[in-house]
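Visitor: I am new to reading protein structures. Could you take me through this one by question and answer?

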Amino acid sequence: MPTDTVHDAAPQGEILQTAVSPERVDKISAAAYRIRHHALTMGEVQGQGYVGQALGAADMLAAVYGDQLRFRPEDPRWEARDRFLLSTGHYAIGHYAALAEAGVVPVEELETYGSDYSRLPMSGMSTYTPGMEISGGSLGHGLTIAVGLALGLRYQGSDARVFNFLSDGELDEGSTWEAAMGAHHHQLGNLTAMVDINALQADGKTDTVLRTEPVTEKWESFGWYTQRVDGNDVVALLAAFDNAAAQAAAVGRPSVILCDTKVGRGVPLLENREKAHFMRIEEHEWQICREQLTAGYEGKASA
Amino acid sequence: MSTTTEAPDTAAAAATPAKPKLKTSAMIASFADPGQKTSNAPFGHALVKAAQENDKIVGLTADLGKYTDMHIFAKAFPERFFQMGMAEQLLFGAAAGLAESGLVPFASTYSVFAARRAYDFLCLDAAEPNLNVNIVGGLPGLTTGYGPSHQATEDMAIFRGMPNLTIVDPCDSIDIEQAVPQLAASEGPTYLRLLRGNVPTVLDEYDYTFELGKAKVLRGGNDVVFISSGLMTMRALQAAKALEAHNVDVAVVHTPTIKPFDAGTVLKEINTDRLTVTLENHSVVGGLFETVASAVVTAGVGKRVVPVALPDQFLDAGALPTLHDRYGLAVDRIVAKVLAELG
């Protein structure tokens, strides 16, 4: 099928209306809360770290692990599993929390995060951690690997899907766009990219480091089925995943879900921190963080 | 600290007695000894000073200004600083373009990203036309416990193959401060293995000045000669002092310029009866050891050379002191190796 036919198969940027049941939302919201809690546990061991990113991305991680991925926690290398690639290695703290929530990594192990001889190094590495598919951390690699994985799985008759987690900073890297072109060219309907857009990178706000907007139009022009949602809105996230799956099944086109998130989400003390990329959190503040997280979750849960 | 799960009881967690603190792997770790004299951001301040005297100097980075001390320059000369985003091919291609326009760019990122991912752009855009593009690579060798994504253990091996490129592996803040204006003044591309943040100040205690392309004998010694570069010169000097207690007299030759290499000075020191040891913060493949070995063989000197270097493998993540001990860069490990060699 010529690729330009694919390009015209569905309207771009339109979010199809999908009913998301309250049970699904509650389940994922609870998982996201526990992921945030795990991230604080790990952050406290170090006294610092990429806690803000883990809190911001917790809803995305909860949604993909709790609602989308097909995997066996007791057999992380199960051949038929869906693949989740963490391209952003420094988000490992969030990924470990999700792996603990998913039952792949024991919860007790989280407190070894970043320590000597731990299976949970500060940057995600496939040789260390069960469930970690790639060694990220040098950014802009994940989507290139994802293209090959999706091609390879499809060629071998597998119906497994590939999910690649990127951050908006990774959109700076040219390799990301090479992969975006490759995925569309090869009509990889089994590939879904998730981009955490927290508008922040190492040297400062993304629009002052290297302006990446308009992001939605970029992905659309590269031929991807593109949806942009509030990445901290579980209903919107789940609907976007449903749309992506339906779109993939219908026309075989890669999907991207662009998720606007807030660094430190769920812990007001950290949401407004000036130095947010690599946070230092004082010893007495961890308890406040946990209390704020729980209060926010319970407030939401009872609302 | 207790680990809580589904129903977090934060009060209980706070009341649990603290376990011994685990050693951790901060990305930006210091290799300075506790209490050691240091200088903050020597590269950034040296670049500002050089730029005050040379209005052609400009700075660039790839979303790592704060982490390569380039932010000092960016603040002093905002109009002469260009943020290229996390896009290393753009960073070095653009640096070449700036040089083509007649400017003298210093472009910073981590060594891994410069060496591994932007090589083609550096090689063809900057080195082949022999442009004055100055590459500034943070976290060289094993200076972070963050794992292989950030450990540039093979950066010199990669870069030594690039014609026209000058490679400088400074020991301390003195080396960096004195190197920056010389790198700016030298024609052709250069690579500075950047030590950033609070950088030890060591060489002020020796009769030493940095001269691009020159090796310097820092101390004499009758039994052993250390040939070292980078932060390992600091360790070499410490190990030499420690070996005095074992009645072992060690000379230290500092070779901050890896390419072009001052083979004359180094071979004069090696071609003696003393045990020769090279010390480098780099893989045993393709760095100082092989540079020295090549000089020795080329000159026809029949002489064994013992390397202190990182092993030819992807290294672990962990706390930096732990890793320096594990991979043999710690002073105690150097001392033990020398004593074993001397039998």
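Guide: Two strands count as paired if DSSP finds at least two bridges between them. The model here is a predicted one. In chain B, strand β10 (residues 224-228) and strand β11 (residues 250-254) are joined by five bridges and run parallel.

Visitor: Which residue of β11(B) is the bridge partner of B:Val224?

Guide: β10(B) and β11(B) are joined by bridges, five of them. For B:Val224, the bridge partner in β11(B) is B:Val250.

Visitor: Which helix makes a right-handed β-α-β unit with β10(B) and β11(B)?

Guide: The two strands run parallel. The helix that makes the right-handed β-α-β unit with them is α9 (residues 231-244) of chain B.

Visitor: In β13(B), what is the bridge partner of B:Ser228?

Guide: β10(B) is also joined to β13(B), by five bridges, and these strands run parallel. B:Ser228 in this pairing has as its bridge partner B:Leu279.

Visitor: And which residue of β14(B) is the bridge partner of B:Leu279?

Guide: Strand β13 (residues 275-283) of chain B is joined to β14(B) by five bridges, and the two run parallel. In β14(B), B:Leu279 has as its bridge partner B:Val308.

Visitor: Through which helix does the chain cross from β13(B) to β14(B)?

Guide: The crossover is of the β-α-β kind and is right-handed. Its helix is α11 (residues 288-298) of chain B.

Visitor: How many of the six residues of strand β14 of chain B are buried?

Guide: The strand covers residues 305-310, and it is largely enclosed by the rest of the structure because most of its residues are buried. The count, out of six, is five.

Visitor: What is the area buried between chain B and chain A?

Guide: The size of an interface is often given as the accessible area lost when the parts come together. Here 43 residues of chain B are in contact with 45 residues of chain A. Carbon and sulfur atoms give 50% of the buried area, which is about 3500 Å².

Visitor: Which element gives the most to the side of chain B that touches chain A?

Guide: Across the interface there are also 17 residue pairs in polar contact. On the side of chain B that touches chain A, the elements giving two or more residues are α1 (10-15), α5 (111-117) and α12 (320-326) of chain B. The one that gives the most, with three residues, is α1(B).

Visitor: With which residue of chain B does B:Arg117 form a salt bridge?

Guide: In this pair the closest N and O atoms are 3.6 Å apart. B:Arg117 lies in helix α5 of chain B and its partner in helix α4 (residues 88-100) of chain B, so the pair ties together parts that are 29 residues apart in sequence. Both residues are buried. The partner is B:Glu88.

Visitor: Is B:Ala41 buried or exposed?

Guide: B:Ala41 is found in the loop between β1 (38-40) and α2 (42-53) of chain B. Its phi is positive, about 50°, although it is not a glycine. Its relative accessible area is 1%, and under 20% is the cut-off for the term, so B:Ala41 is buried.

Visitor: What is omega for the cis peptide bond from B:Lys259 to B:Pro260?

Guide: B:Pro260 lies in the loop between β12 (257-259) and α10 (263-270) of chain B. The peptide bond from B:Lys259 to B:Pro260 is cis, and omega is near -5°.

Methods
Residues numbered from 1 in each chain as written. Chains lettered and ligands numbered in written order. Predicted model: local features only at pLDDT ≥ 70, side-chain atom pairs only at ≥ 80, totals over all residues. Heavy atoms only, no water. Buried < 20%, exposed > 50% of the residue type's maximum accessible area, 1.4 Å probe, protein only. Helix = DSSP H or I, 4+ residues; strand = E, 2+ residues; numbered from the N terminus. Right-handed = clockwise from strand over helix to strand, strands pointing away. Contact = heavy atoms within 4.5 Å. Buried area = accessible area lost by both parts, 1.4 Å probe. Polar contact = N/O pair within 3.5 Å; in protein donor to acceptor, adjacent residues only side chain to side chain. Salt bridge = Lys/Arg side-chain N within 4 Å of Asp/Glu carboxyl O.
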